[in-house]
Amino acid sequence: MRVSADVPLRQDELETLRGRPQVSGFAALRVHVRDKLHWYLAVLLFVAFLTAWQMIAAYGLIHEIILPSPLAVAKVFPEVVGRWLFVQHLTATLVAIFGGFLLGGGIGFGLGALFALSERWRKVLYPYVLGFQATPRVILAPLMIAWFGFGPASKIAQATIGCFFPIFLNTLIGLSLVEDNAFKLMRSLRASRWQTFRLLRFPQALPTIFAGVKVSLTFATIGVIVAEFIATEYGLGYELTRYHVEIAIPQMYAVIIIVGMVGLALYFTIEWIDHRVVFWRQEDVERSKLR
Amino acid sequence: MAKPAIRPSAGVARDAKHDPQPPLHALRRLWGRGEHVFLAVMLGVSFLAIWEYLAQHAIIEPVLFPPPSKTAAAWWFLVRTEYFPRHFLVTLYEIGAGFALGSTIGLLLGTLLATVRLVRLTLYPYIIAFQALPKVVLAPLFIVWFGFGPESKIATAIAICFFPVLVNTLVGLQLVEENALKLLRSLRATGWQTFVKVRLPNALPYIFAGLKTSLTFAMIGAIVAEFLTGAANGLGRLVQIYNLQIQVHLALAVVVIVSILGLIGVVVMDAIDRRVIFWRDRSGGV
């Protein structure tokens, strides 16, 4: 809900404030269905999807090696998750993701802030930025194994180079694009360089930086999983390739579902932090337009 | 005649005929313009030179970090081998097919989601879930489904690269200025006319940004899937083989080729972008 009084309220905000017009009986049901229909449909879609999958698998339309039934996947789920080894795999992956994320993010932010200070260095760096952006970093994964060994270091290194770049670029762009008038105001108040950075440039860059943070978390996850695909001793990516080699297909599905849940958890965590830190972001306006 | 007290700033074009400054200044101005190019080249050259020195004197392990001269020689060796074109073309085909199919799917789905409200709202939770899923994890699954050939790599590339196009198409078609829509309504434009004259032009910059991202993603998908199949051709496989043979200079040469491939992709996309979206404001940014 907006605080400022001089911004006109949207229609739905008005309705929330005043309370919906009272309707009863069948009309109320109709309004309810109209507003919530997409939720029912979403759930229905999910159920229909699972049912169709189960039926296709049960009647043997697609060979069970390619598509095991959801029940078969559910059956192996406890077996996959309920081991001490699995906890080790999960922690190994999470530690590598966070390690690479912190390292790459720190370096990216530091260098981005440094290069944002000088227009000349921005121009100097541009071709390298372009080249680095155009190269898919996963191609370096085998080399990382050669350079850093089979332990967690190579995974962290791969995640670092994966997530260094979006944070670097977004910090650079965010800190460079400052509104001219705000800058003039700071100058007229005789603000020091540090004060201008702390009070104007940095807060103004935060939404852009956080957009980079979100992207880079995805890249960190990709980097870690790809490094685990190639060669490591622990990790969810390793689990997946192990089951792949053993042709234990339902177990593969289970691991993929777990990785998906890890991805979702990371995504919502970073969204939550984003909303706490960049609380003034105008995204709610954009979201409302998306409806 | 009194000389003007205020000198024109560096950016202001001067009248060449009445420029009282000697040619030395012109030279310096030219230097000033090319300065960052010079510095950029110097930066790259000095980086490579330091690496070369350190590796030649075995201060860093030359097997793991081969000197750039050795990598350059390996590059020249690599592009002339008889097996290189096979690997290169396979990867190129995978990336091209994956990108073409994936971006088409993304465009169509994005347009569908943008135009039909109920579909958009229904699929919204699934889109979020798919966005949060690190899609490389699907690569082993696609290998089970489609085998060790290029099909599984194309499938992985599609799974990774259709998404940025979908989201950007959706957002671009949706985030239209309210006033433009009102104007078209007041002109009694049909839905199709609104789509072609307002929504699509509004979406094009977003779509192109999505296409650029998805091209890189298609490369990621193809390469990751190549890592996972032992018996296949492709540049990703080549890097892995050289790496197992501890021929890091050759692996680095392949990395250079992949970067060049990526750069060509970006430059081509940028050129198309400029032709199609000629009205975009290009001031600002890096």
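Predicted model: local features only at pLDDT ≥ 70, side-chain atom pairs only at ≥ 80, totals over all residues.
1. Residues are numbered from 1 along each chain as its sequence is written, and chains are lettered from A in the order in which they are written.

2. Start with the contact between the chains: chain A puts in 50 residues and chain B 45 (in contact means C-beta atoms, placed from the backbone, within 7 Å). On the side of chain B that touches chain A, α10(B) brings the largest share, nine residues. That side has 33 nonpolar residues, 12 polar and no charged ones (Ala, Val, Leu, Ile, Met, Phe, Trp, Tyr, Cys and Pro count as nonpolar, Asp, Glu, Lys and Arg as charged, the others, Gly among them, as polar).

3. Next, look at α9 (193-230) and α11 (249-277) of chain A, whose axes sit 11 Å apart at an angle of about 170 degrees (axes are lines fitted to C-alpha atoms over the stretch in contact, with angles from 0 to 180 degrees between N-to-C directions). So α9(A) is roughly antiparallel to α11(A), a label for angles over 145 degrees. Residues that meet here include Leu206(A) and Phe210(A) from α9(A), and Gly263(A) and Leu266(A) from α11(A).

4. Finally, Val254(B): leaving aside neighbours within four places in sequence, Val254(B) is in contact with Leu78(B), Leu235(B), Leu238(B), Val239(B) and Tyr242(B).

Note on methods. Contact = placed C-beta atoms within 7 Å. Helix = DSSP H or I, 4+ residues; strand = E, 2+ residues; numbered from the N terminus. Parallel < 35°, antiparallel > 145°, perpendicular 65-115°, else oblique.
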